[in-house]
Every structure is written in C-alpha cells, then in structure tokens.
Amino acid sequence: MNTYTTSDLETLPARLWSELERAAAEPANPLRTPVLGTSNLFECSMRVVVLRRADAAKRQLIAYSDARAQKVHQLKLCEQAHWLFYDPARRAQLRISAGTMIHQNDAIAREHWQALPLAGRRNYCANLPPGTDIHAPGDAIAPELKLPSVTKKQLEVGYENFAVLVATVDQIDWLQLGDETHVRAVFNWTAAGWSGLWLVP
Ligand SMILES: Cc1cc2nc3c(=O)[nH]c(=O)nc-3n(C[C@H](O)[C@H](O)[C@H](O)COP(=O)(O)O)c2cc1C
C-alpha cells in the first residue's frame with residue numbers, strides 16, 4: 001500500500017536522484033534505458049537511450065548520441081527535452097524535463113570518449129548519418145572497423161561524430177502506482193532547491 005505523507009515531499013527528490021545515479025551504473029536496471037523525447041517545435045520524436053550518468057548535485061542526466069542523429073538536430077532547435085523512465089517491478093514512472101547542451105569536440109566529449117570501450121566507439125564510425133538508407137544491413141560501418149583486431153587509432157574517426165548530451169533537470173514528475181491508490185508528485189527546481197507538490201494521479 002502507498003503510505004506517503006506530506007513530509008515525503010522533502011525527501012523524495014534525493015531518493016529519486018539516488019535511484020537514477022544507481023541505474024546509470026547497473027546494466028540490467030530498467031531506469032538505465034529511458035525514452036528521450038525531443039521536438040522540432042512542430043512534432044515530437046522519441047527513442048530509447050542509455051542513461052550514461054546521473055548527477056544529483058549538478059541535476060544532470062547524460063546520454064551519448066551520434067552528432068548527426070535526428071535527436072541532436074532537434075535539440076539544436078529546441079533544447080528542452082523530456083526523459084521518460086519506467087520501472088515495471090516497482091511500478092514507478094518518472095517524467096523529467098531538462099534543458100540540454102550538446103558537447104562535441106570539446107573537453108567533455110573527449111573525457112567521455114576516453115572512457116568508452118572500443119566496442120562502443122565503433123557505433124560512431126558510420127560513414128553516413130543515422131537514418132540514411134543503405135543497400136544491406138552491414139553496410140553502415142567499414143568492414144575493417146568491425147574486426148576484433150581494430151585499434152583505438154582506427155576508431156578515432158568516430159570521435160568527430162560523437163556527442164555527449166548533458167541535460168540539466170528542471171522538473172521531475174513522479175508517479176507511483178499502488179494496488180489501491182496511486183501517488184503522484186511534481187518537483188520543480190527553484191532558487192531554494194527542489195519544490196514539491198502532490199498531484200492528482
Ligand atoms: C536499448 C537501446 C539503447 C539505445 N541507446 C542509445 C543511446 O544511448 N544513444 C543513441 O543515440 N541511441 C541509442 N539507441 C538507439 C536509439 O533508440 C535510436 O534508434 C537512434 O539513436 C536514432 O534516433 P534519432 O534518429 O531519433 O536520433 C538505443 C536503442 C535501444 C533499443
């Protein structure tokens with residue numbers, strides 16, 4: 001049964017952030033693969049991404065993308081993005097709104113690129129932008145870059161296409177389903193910190 005009380009509004013943001021921080025480090029955690037929604041002001045588009053890092057102190061969520069992908073084009077038009085997380089075992093939904101900066105060819109991009117295993121770097125080595133039509137499924141990446149013997153140096157071509165999306169969260173809408181009652185709260189970032197309100201679910 002959901003037994004939240006008024007004072008839980010004070011403690012929930014820290015708890016939610018610590019769940020996100022943990023999820024980013026746990027490959028099997030369902031919160032590690034949220035849906036990221038972006039908009040070009042006329043229509044929205046959504047896709048699953050990997051949450052690479054969450055940082056409560058900085059209010060940041062971090063994901064990676066090919067810099068030529070549609071999400072990056074949309075974030076350049078409209079930096080406000082929406083992240084949707086769902087944990088089916090706990091029946092908890094988080095809808096997060098965040099202004100997003102794109103880092104490419106800078107110190108932040110370099111730091112994350114260095115930490116990326118070689119297999120991950122290969123994803124940014126396609127000759128053409130994501131979504132371009134190709135003749136056969138394997139045509140996206142040059143055959144020599146797919147060999148197990150591929151070197152760090154060979155994969156460096158991917159760095160040009162590597163983007164780090166750094167989202168600074170300004171709102172968290174949390175919904176906890178229960179057997180009898182559901183509980184929902186919204187937290188807005190203010191000069192005084194997270195300010196919470198209970199909402200009708
Ligand atoms: C489980 C899963 C994880 C994914 N992680 C990422 C990711 O971290 N970054 C990314 O750009 N695309 C990721 N994708 C692929 C995206 O969902 C999407 O197909 C791709 O980024 C192109 O989207 P866009 O053209 O809208 O930018 C992932 C897909 C799945 C199914």
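**Around the ligand**

Author: The shell around the ligand divides into seven nonpolar, five polar and three charged residues. Nonpolar means Ala, Val, Leu, Ile, Met, Phe, Trp, Tyr, Cys or Pro; charged means Asp, Glu, Lys or Arg; the others, Gly among them, are polar. The model is predicted: local features need pLDDT of at least 70, side-chain atom pairs count only at pLDDT 80 or more, and totals for chains, interfaces and linings use all residues. Residues are numbered from 1 along each chain as its sequence is written.

Of the 15 residues around the ligand, Arg47, Ser65, Ala69, Gln70 and Lys71 come nearest; a residue is near if its C-beta atom, placed from the backbone, lies within 6 Å. Strand E2 (44-48), strand E4 (60-66) and helix H2 (70-77) each give two or more residues to this shell. E4 gives the largest share, four residues. Helices (H or I, at least four residues) and strands (E, at least two) are DSSP runs, numbered from the N terminus.

Now Trp194. It is found in strand E9. Trp194 counts as partly exposed because it has 19 C-beta neighbours inside 10 Å; buried takes 20 or more other C-beta atoms within 10 Å, exposed 12 or fewer, partly exposed in between, with C-beta atoms placed from the backbone. Neighbours within four places in sequence aside, Trp194 is in contact with Pro13, Phe187 and Trp189. Contact means C-beta atoms, placed from the backbone, within 7 Å. Pro13 is one of the buried residues of H1.

Technical notes. Contact = placed C-beta atoms within 7 Å.
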